[in-house]
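Subject: Structure for you to look through

Hello,

Please find below the structure I promised to pass on, followed by notes on what turned up in it.

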Amino acid sequence: MKAFTLVLIVITGLVSTNLQANQAIEQLQGSYRNNGATSFEALDGKALWYSEQNDRSCTSCHGTSPIAVGKHRKTGKKIMPMALSVNPERLAKAAKIEKWFLRNCKWTLGRECSPQEKGNILKWLKQL
Amino acid sequence: MKGLLKLLRWSTGITLLGCALFIGFYGLSASSIASGYKESHEEGEQRRNRFGFASETNPAYQEECGGCHLAYPPGLLPAQSWTVMMSGLDEHFEENAELPEDTRLEILNYLGKHAAQAGDKVLRGSKDEALTRITELPYFVRKHDEIPEQRVKNNPGIGSFSNCDSCHKNAVQGDFDEDRITIPGYGRWDD
């Protein structure tokens, strides 16, 4: 009985975080559409993830695959996976997603990401 | 039959809700235990823990700054250093660490309140009041002069002197006790 309860608790936790993440992504994609984005393409998101400029890329710190744990290239700190399927907690809050997009797009690309680019990335991370 | 189904649905709903609440409260209680420092003495209005650093923690500081590196005890730098640091977050040691203005101010306020004061041992010999690299404090340099630089920089388990918690496992609580140092790949440090 105890084990059953524990399993139920874990599953409930995962399901509710997953739901939050899906809601946060939908909410953001809605606002991106209101700001000029059209339909989102996962493949474009993937291409942006792997694109490199001035020796900088998303993979510099997140690692090659969003399903795996990355390592910050300077501090060495572990960076948890970004894919929704393995780590919904990462995408559970819209404000947090936006904060990191701002910081990391500026560092990696030297500019902010467009609403279209952000929506594409989210779509890719969601379906991985 | 319909009644039974209704009852089943209702009880499943209640169970799920109960579980969600339990997880929430469990998380809250676990994190508050983890952040409860032992306090040894009070200094003015500022409460300090037994390591001489602020016992008050700040969730925004832990979340925003601790998200990328050790949330350094605020008492490692003077207030002016923190002001300079928090004014240039878009160029934060070659990283972008921008924050929304309200969060930035909250964290700056916390850091300023618990910053190192004149007379604190970490500021001994320090002339630059706006220095932002903790590792450049004369006190820091002195304390680490017996450690060969290569043992840190070429050590995959450390990489940089700025990763305090690679060796000082309880650094986040301000515990830099010499008796509790373990250098990755080398073992316990004996002074």
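Between them, chain A and chain B bury about 1,700 Å², 54% of it on carbon and sulfur atoms, where buried area is the accessible area (1.4 Å probe) that two parts lose on being put together, summed over both. On the chain A side, the residues that lose the most area to chain B are Ile9(A), Lys74(A) and Arg103(A), which together make up 32% of what that side buries.

Before going further, please note that this is a predicted model, in which local features need pLDDT of at least 70 and side-chain atom pairs count only at pLDDT 80 or more, while totals for chains, interfaces and linings use all residues. Residues are numbered from 1 along each chain as its sequence is written, chains are lettered from A and ligands numbered from 1 in the order in which they are written, and side-chain values use heavy atoms, with hydrogens and water left out.

The contact (heavy atoms within 4.5 Å) takes 17 residues from chain A and 20 residues from chain B. Across this interface the rule finds four salt bridges, a salt bridge being a side-chain nitrogen of Lys or Arg within 4 Å of a carboxyl oxygen of Asp or Glu. In one salt bridge, the side chain of Lys99(A) meets that of Glu64(B) at 2.3 Å, N to O, and Lys99(A), Arg103(A) and Glu64(B) are linked in a network of salt bridges.

Over all chains, the count comes to 14 salt bridges by this rule. Within chain A, Lys118(A) pairs with Glu98(A), their closest N and O atoms being 3.3 Å apart. Because Lys118(A) lies in helix α5 (residues 115–127) and Glu98(A) in helix α4 of chain A, this pair ties together parts that are 20 residues apart in sequence; helices here are DSSP runs (H or I, at least four residues), and strands likewise (E, at least two), numbered from the N terminus. Lys118(A) counts as buried at 11% relative accessibility, whereas Glu98(A) is partly exposed at 29%, given that buried means under 20% relative accessible area, exposed over 50% and partly exposed in between (1.4 Å probe, protein chains only).

In chain B, Glu178(B) forms a salt bridge with Lys143(B), with the closest N and O atoms 3.4 Å apart. Glu178(B) lies in the loop between α6 (149–153) and β3 (182–183) and Lys143(B) in helix α5 (residues 138–143) of chain B, so this pair ties together parts that are 35 residues apart in sequence.

Best wishes
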